[in-house]
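Reader: Hey, can you walk me through the charged pairs in this one?
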Amino acid sequence: MRVSIGRACAEAPTPTPETDLTRRRLKLTFPEQLIQEPIVYTLGKRFDVVTNIRRADVRETTGWIVMEVSGTEQRLDEARRHLEGLGVRVDDLEAYLE
C-alpha cells in the first residue's frame, strides 16, 4: 500500500525578507539597573526571535551574555534597537571573528 501526503513535487517557498532567517552572534552587557529584568525572554516574545545563550556571567551588579539570535533581518534590527534603547550595550561578535 502506498500513501502520499501532500503534493509529490512541491517546490520550496521562495525566501522573502519576511521569511528569510538570519543568525547573529551578539554580546549583551547589562547596566546594574537591568540585571533583574527578563531581557532575553522579552526579546523572544516581543520580537519573534529565537535566542540561544552560549555564555554568560551575571552577578549582583553587572552582567553579560554571549548569545546567538535568529530571526528576520527586520526583527533582529528591531530587537537590537530595543536593547540599545534600554541601555544594554550590544556588540556584534561576527565583526571580531572575521
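Predicted model: local features only at pLDDT ≥ 70, side-chain atom pairs only at ≥ 80, totals over all residues.

Reader: How many salt bridges does a search of the whole structure find?

Author: The search finds 8, a salt bridge being a side-chain nitrogen of Lys or Arg within 4 Å of a carboxyl oxygen of Asp or Glu.

Reader: What does Glu 73 meet in a salt bridge?

Author: Glu 73 pairs with Arg 24, at 2.6 Å from N to O. Glu 73 sits in helix 2 (residues 73–86) and Arg 24 in strand 1 (residues 21–30), 49 residues apart. Helices (H or I, at least four residues) and strands (E, at least two) are DSSP runs, numbered from the N terminus.

Reader: Is Arg 24 buried or exposed?

Author: Arg 24 is buried at 16% relative accessibility, while Glu 73 is partly exposed at 38%. Buried means under 20% relative accessible area, exposed over 50%, and partly exposed in between (1.4 Å probe, protein chains only).

Reader: OK, switching over: which residue forms a salt bridge with Glu 68?

Author: Arg 25 does, with the closest N and O atoms 3.5 Å apart. Glu 68 is in strand 3 (residues 63–72) and Arg 25 in strand 1, so this pair ties together parts 43 residues apart in sequence. Glu 68 is buried, at 15%.

Conventions. Residues numbered from 1 in each chain as written. Heavy atoms only, no water.
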